[in-house]
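Morning, everyone. I have a few minutes on one model, so let's get it on the screen.

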Amino acid sequence: MNEEEGSAKWMLDTIEVDRKADVPINEDLPPEKTACTNYSGGTTSTSSPVKQRNASAVQPCPVPKMGRLHSAAARGLNGLRFMDGATCKEGDAWKPVEKRFNQNAVDGRLPRDKFGAVIGMADSKEFAGELFDTLARRSKVDASNGITIDEMRKFWEDMTSQDIDSRLHIFFDMCDKNGDGKLSEDEVREVLVLSASANKLNKLKQQASVYAALIMEELDPDHQGYIDIWQLETLLRGMVSSTEESSSSSKLKRSQTLTKTMIPRGYRHPVIKHLSKTAEFMNENWKRVWVLGLWLTVNVILFVYKFKQYRHKAAFQVMGYCVCVAKGAAETLKFNMALILLPVCRRTLTKLRSTFLYRLIPFDDNINFHKTISAGIAIGTFLHVIMHVSCDFPRLVHCPGDKFRRYLGIDFNFRQPTYGDLVSSIPGVTGIVMIMLMTFAFTLATHSFRRNVVKLPWPFHHLAGFNAFWYAHHLLVVVYALLIVHGYFLFLTHQWFKKTTWMYILFPVCLYASERTLTSVYDHNHHVDIIKAIIYTGNVLALYMSKPPGFRYKSGMYLFVKCPDISNFEWHPFSITSAPGDDYLSVHIRTLGDWTTALKEKFAEACEPPSIVLPTNGSRLVRMETRARTDYEDQSLQPNFPRIIVKGPYGAPAQNYNKYDILLLIGLGIGATPFISIIKDLLHLMKQQQNSSTQDLVERKGPHRAYFYWVTREQGSFEWFKGVMDDIADHDTDHVIEMHSYLTSVYEEGDARSALIAMVQSLQHAKNGVDVVSESRIRTHFARPNWKKVFGGLASTHASSRIGVFYCGSAMLTKQLKELCQEFSLNTTTRFQFHKENF
């Protein structure tokens, strides 16, 4: 069936224009129930002479019984919803609407401002109000004082009607404010403004007049000043036709994936299924398993060793197994207090990432291992303290004098101590102070305090947030000093070489201290000059800095930034967004906390007044920008930049992206920053390949395809990201990088609140090649991605490949992506390896 047969047709006979409906053959009916019929039945209740003549012309032909065939526009309109998915679901769909009506009605009548809450548009009150007025006009209801339950039922039936034309007429009447059956440019503009407000698209709202003129230009070629309903349907048909091809291809991909996701033989029996899952888990996490296994084994060995040692000492005769447990826990404490420093030695870990050890040790999980060790310290501390204060001390104090002098007299100069003497001793005081400091530091390091989730009253509000966590962690320097003192003045050990606390922590403390000291000493080598700074309206500060001598890094790494004008002690990590081949360093900083806000304000003072930049596509990008000193001829106009110091670079999971065949890069909001450097690096590689020989291309290693999914909820975020999107469109001639951007503030496709925006987007992209949302050449999707479909498509397209999945964003999506990687690695021949960075 060709395109004309698959859509609504118009037949012209003299001056009459009538609509002809195509209907599908009902092949399920038996032959005896088929009969000759004409085409006089359609979507209208009356038949025109045109239809009658056509019907008589085909009457003798044996045509099987037919029903209406939905066109492409019809299928698109089936997704034109006026109620949210939860409200308009099948079954008892009216019951939740009726319940909300009763909750919001006043004296049995629902006012206009409560209509949105009833139909699931509580956050789009203006749009719901216009829909309320439209339905009232169509039903000829006086809704000035609200509507009754029966009238609400009628409204609901109209909005959820299965009749395609009915919902189209509602949408048309909503645009047609004066009810003359024609849409003027002003009416289109008003609905565009309404839709933009509902979808939080402020820039599109400002340019509503431009896009309204674009619609009129497309649908009113004769310049009559209005458009009809059939022309609006034509626009919708054109909008969905482009998605039909992609949907057909996606169906093919889904069918291919379905074949591969059939239950394997290894999963048909519960026992074998469990063994298969265990084997796959080990294959996926063997690095973590053996490191944690080794750590637990060492802790158990140290505990058992010390337990048995004190089992045969004289102190056991007085304090029993309590002293064995306390000393065993103390031995694990010494080991863990030493080990916990290694995962935070960033320079050392960055160098080790480039060695063969990366194949054996999961360096990407260094912070998680740091947290795991801290849990071990907490458990060891608890056992050590409880055994001493509740068991060892009481037994020592109440031990008979003869027994005490026989077994422990030499350790206490033959003077039996009281409970107060033990607590006030050097080991007792240092132990109490260490517990207080460690409890304070560990509490402020928890997620609730570090992320400022806990809202403390004044004057304790400063105890929540990153700064409190950072400074509190520096109290552990005192803890380590006290730990050495505590381990030296022991009651039961007197030979210096048996006091092993300092032996455990000597190397880790020296390594960590040398990293911090060298960084402080060489700070003057990391002073950078600001080449340019841009403050975007999406609360993003972009800094372009000179590259320090010898500053070598890989794409995906990060660095620390300090601004002495704000604080001499605070260092904050940011992903490097410039490529290794660039002659500058760049970072993009989202203003979320106190320090980043202060940094943006410092640069705002040095920025020029906001200037309006008019790109070639006619849109307006307003931003504040500082420029390099060399750009100023008048020295008095040079901006007074804040001082910036950087240290790094440091390794991150994304730096090993070139070890995979295919890349799947997923960034949420500012989480796209580590992948900007990777994308730029791939683009640089493409430029080099254009001038390389065939032999060089064959020898090249690394990913040969990259899929970049960027999800944001703010339209303003596209301002700082559109440069990367345009670079991809300009230089990726071989389509190596496939870019997908999603704006979650816009309602999903099919929602009436975004229908007109989707139409404008389709027209603008088709005519000018520019997206209305991002103002780049890459089209923006609405709502959130269907991640299962994304993984399914990659699994079928890249069979038997190793796909590196790199995610940077909030922790809310981590679990879902990790589970999808495991699911499709199990059920397909494609292997997905997941790496994450959470902020």
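Start with Asp411. Leaving out residues up to four places away in sequence, Asp411 touches Phe491, Leu492 and His494; contact here means heavy atoms within 4.5 Å.

Before going on, the ground rules. This is a predicted model, where local features need pLDDT of at least 70 and side-chain atom pairs count only at pLDDT 80 or more, while totals for chains, interfaces and linings use all residues. Residues are numbered from 1 along each chain as its sequence is written, and side-chain values use heavy atoms, with hydrogens and water left out.

Back to Asp411. It sits in the loop between α17 (401-407) and α18 (419-424). Helices and strands are DSSP runs, numbered from the N terminus: H or I of at least four residues for helices, E of at least two for strands. Asp411 is buried yet has no salt bridge. Its nearest side chain of opposite charge, Lys313, is 8.4 Å away. Lys and Arg count as positive, Asp and Glu as negative; His and the chain ends are not counted. Buried means under 20% relative accessible area, exposed over 50%, partly exposed in between, with a 1.4 Å probe and protein chains only. A salt bridge needs a side-chain nitrogen of Lys or Arg within 4 Å of a carboxyl oxygen of Asp or Glu.

Take Arg353 and Asp364: their closest N and O atoms are 2.6 Å apart. Arg353 lies in helix α15 (residues 346-353) and Asp364 in the loop between α15 and α16 (366-397), so this pair ties together parts 11 residues apart in sequence. Arg353 is buried, at 5% relative accessible area.

Next, Asp402 and Arg405. They meet in a salt bridge at 2.7 Å, N to O. Both lie in helix α17, 3 residues apart, about one turn. Asp402 is exposed at 53%; Arg405 is partly exposed at 42%. There is also a network linking Lys306, Glu331 and Lys334.

Now the sheet. It is open, with 6 strands in the order β15-β14-β13-β12-β16-β17 and parallel pairing. Two strands pair if DSSP finds at least two bridges between them. The edges are β15 (780-782) and β17 (831-838), each pairing on one side only.

Last stop, Ser741. Its place is in strand β14 (residues 737-743). Ser741 is buried, at 0% relative accessible area. Beyond its neighbours within four places in sequence, its contacts include Trp710, Phe718 and Arg779.
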